[in-house]
Amino acid sequence: MLIKVLSAICFMALAGEVRNKMAVSSSTNDKKFALLQEFFNLDERFRETLHAGLQKFLWNGSVTRKHPNAKKNIQLAGSAIEGASLARVFQKNDEFPSGLNQEIEVDIEFMYLKLPESKQDLIQDIEADQGYIKMKLQEDLFDDIKSIGWNLDQYEFDEVYKEVKSPEGYFLPFKIKSIAKKKVAYRDEKQGLRLMAAAVYNVKKRNVDLKPIANEITKSSVSSEYVLEVKGERKLKISFDTVVVVGLSWHSQIGNDWLNRPKNWPSHAVCQQILGSSSVVIAKPSRKNKFDPNTTEMRYAYSQTERKLVKLRSQNQNFVYMVFKIMFVKWIKPIDTEEISSFIAKTAMFWIAEEFPPENSMWDVVDSECLVTPLKKLFSWLLEAFSKDTMPYYFNEKSNIIEGMSDQTKQLIITNIGEVLGDLQQFIPSDIDRELAVAKDIFIWAEKMNKILTLIKDKNYKEALKILPKELILDIIAFYFAEIGWDVIHEKIEKELDRLIERAEKEIDRSLKKVEKELDRFTERAEKEIDRSSKKVENEVDRVKESVVSEVQRSGKKVEHEVNHVKESVVSEVQRSGKKVEHELKRLKRRFRR
């Protein structure tokens with residue numbers, strides 16, 4: 001009996017411990033899921049903010065001097081645009097005080113040429129099933145470059161044409177990347193980038209240093225890397241991959257094969273829509289020729305279609321992909337950061353998303369436990385691909401994207417994936433406060449940059465001056481004029497003057513018409529008034545004339561009467577004087593007689 005009691009007590013204690021562990025585990029998983037959701041929401045905001053800021057930075061300035069139609073033919077790409085970009089902070093990097101990889105990576109695609117359908121014969125297959133081609137060059141391509149908006153003159157075209165043309169007349173992709181390398185090389189003589197960083201971090205310009213650490217040609221792009229330091233502390237690593245592409249005004253066979261391949265998602269109609277009526281090739285030769293300056297190999301690429309596919313995914317799918325990429329970056333990529341690309345994780349997600357559409361219940365993740373199912377699918381797909389030594393490119397099943405990877409790296413990847421699948425819940429990051437803090441700092445950087453660029457773009461200088469450090473204001477004004485260049489300023493002034501002159505001419509024309517109408521109205525009124533005044537004057541003249549005549553007549557009579565009166569008075573006076581004289585003469589005569 002005692003043994004039973006003791007056994008019951010032990011069982012109850014054990015059960016209680018299990019319940020406590022389950023409660024702690026459940027609580028931990030809830031917190032883990034909440035932190036991952038917070039990280040995902042931050043990543044979504046970061047993607048939108050960075051995209052907006054980069055658009056303003058790239059599409060306004062030196063790039064658009066050579067390409068007024070920049071928005072159409074210069075595309076931002078990569079995880080910074082497609083999402084899950086901040087996942088890279090989970091990669092260890094002792095170069096930063098946090099010990100984490102504080103990096104922003106952006107891909108920029110430059111389409112410098114688009115061939116019309118009439119020039120399909122210029123594209124010739126090398127390995128058709130692998131998507132490799134070569135392109136014949138001819139001088140009238142200058143017209144095709146101009147037709148998509150590039151503002152080049154014939155001399156500039158001729159110089160590039162000579163450099164990128166092989167003796168056999170084919171395009172040399174390595175050469176065009178060499179030209180791109182020179183164009184994107186770090187130049188900050190006027191310290192504009194430092195000035196922007198100083199404004200973002202709200203410090204003096206002398207406290208900021210932007211160091212170029214790489215500018216090299218890779219298999220498919222020109223890779224440029226910069227390190228940003230503030231007051232001697234490393235804050236950020238910024239990486240740009242510049243990809244040169246050639247547009248084609250028709251579908252490739254590989255694109256048609258992908259379109260017609262049976263899939264659960266998207267529908268054929270949607271695939272037709274996102275594939276469009278064109279395709280692109282990039283300056284990416286095969287692995288064996290990637291550093292051959294004389295290779296003519298290029299390859300079809302579908303990054304534009306990839307971006308459209310990503311936009312069709314649900315938020316739950318994007319959340320799962322972010323967690324998957326975090327785990328990939330944390331547990332797989334460190335095996336060999338050079339050989340292992342995040343493109344592998346991206347490829348796995350494309351294949352699994354095709355098999356399980358957004359509405360599939362597998363993507364209904366409401367807690368940490370729900371994450372296990374889709375993550376297991378993704379890591380199992382990777383394990384199978386590496387075990388078979390074949391990972392098909394999503395848009396071309398015949399192309400193996402891990403071909404050429406060393407056997408040692410593949411085996412280590414298989415081992416690590418096996419461990420992850422052995423206890424997925426354990427490998428889903430739980431304590432991510434440090435990573436979240438670093439990600440928030442990166443987001444704040446992008447947010448401030450976008451705000452400053454937005455205020456400048458909108459010419460809201462009053463608000464811009466409020467948020468910029470006072471000691472930077474004069475530097476910013478000086479940089480603005482120096483960086484843009486007087487030729488651009490002159491061009492802007494001319495455009496503004498033309499606009500003002502046009503407005504003035506329209507205003508003058510309206511004013512002249514108004515004055516003409518007013519003159520006509522005034523003339524009509526004046527003529528009527530003159531007519532009325534003329535008649536009034538005539539009447540007044542007649543009246544005055546009659547009055548004068550009447551007055552003259554009255555005066556004549558009066559004068560005549562007066563004359564007669566005077567005449568009578570004179571006669572009378574003369575008569576009186578005559579009598580008086582006569583009397584006086586008589587008196588004198590009498591006197592003389594005496």
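Helices, in this tour, are DSSP runs of H or I of at least four residues, numbered from the N terminus. The model is predicted, so local features need pLDDT of at least 70 and side-chain atom pairs count only at pLDDT 80 or more, whereas totals for chains, interfaces and linings use all residues. Residues are numbered from 1 along each chain as its sequence is written, and side-chain values use heavy atoms, with hydrogens and water left out.

Select glycine 276 to begin: this residue follows helix 10 and has a positive phi, near 70 degrees.

Next, select helix 10 itself, residues 268-275, where Cys271, Ile274 and Leu275 are buried (under 20% relative accessible area, with a 1.4 Å probe and protein chains only). Viewed down the helix axis, these buried residues fall within an arc of 100 degrees and so line one face; the arc is that of the directions from the axis to the C-beta atoms. Ala269 and Gln273, on the other side, are exposed (over 50%).

Then move to helix 14 (residues 368-388) and helix 15 (residues 407-422), which pack at about 155 degrees with axes 10 Å apart. The axes are lines fitted to C-alpha atoms over the stretch in contact, and angles run from 0 to 180 degrees between N-to-C directions. The two helices are therefore roughly antiparallel (over 145 degrees). To display their contact (heavy atoms within 4.5 Å), select residues including Phe379, Leu383 and Phe386 of helix 14 and Ile413, Ile417 and Leu421 of helix 15.

Methods
Parallel < 35°, antiparallel > 145°, perpendicular 65-115°, else oblique.
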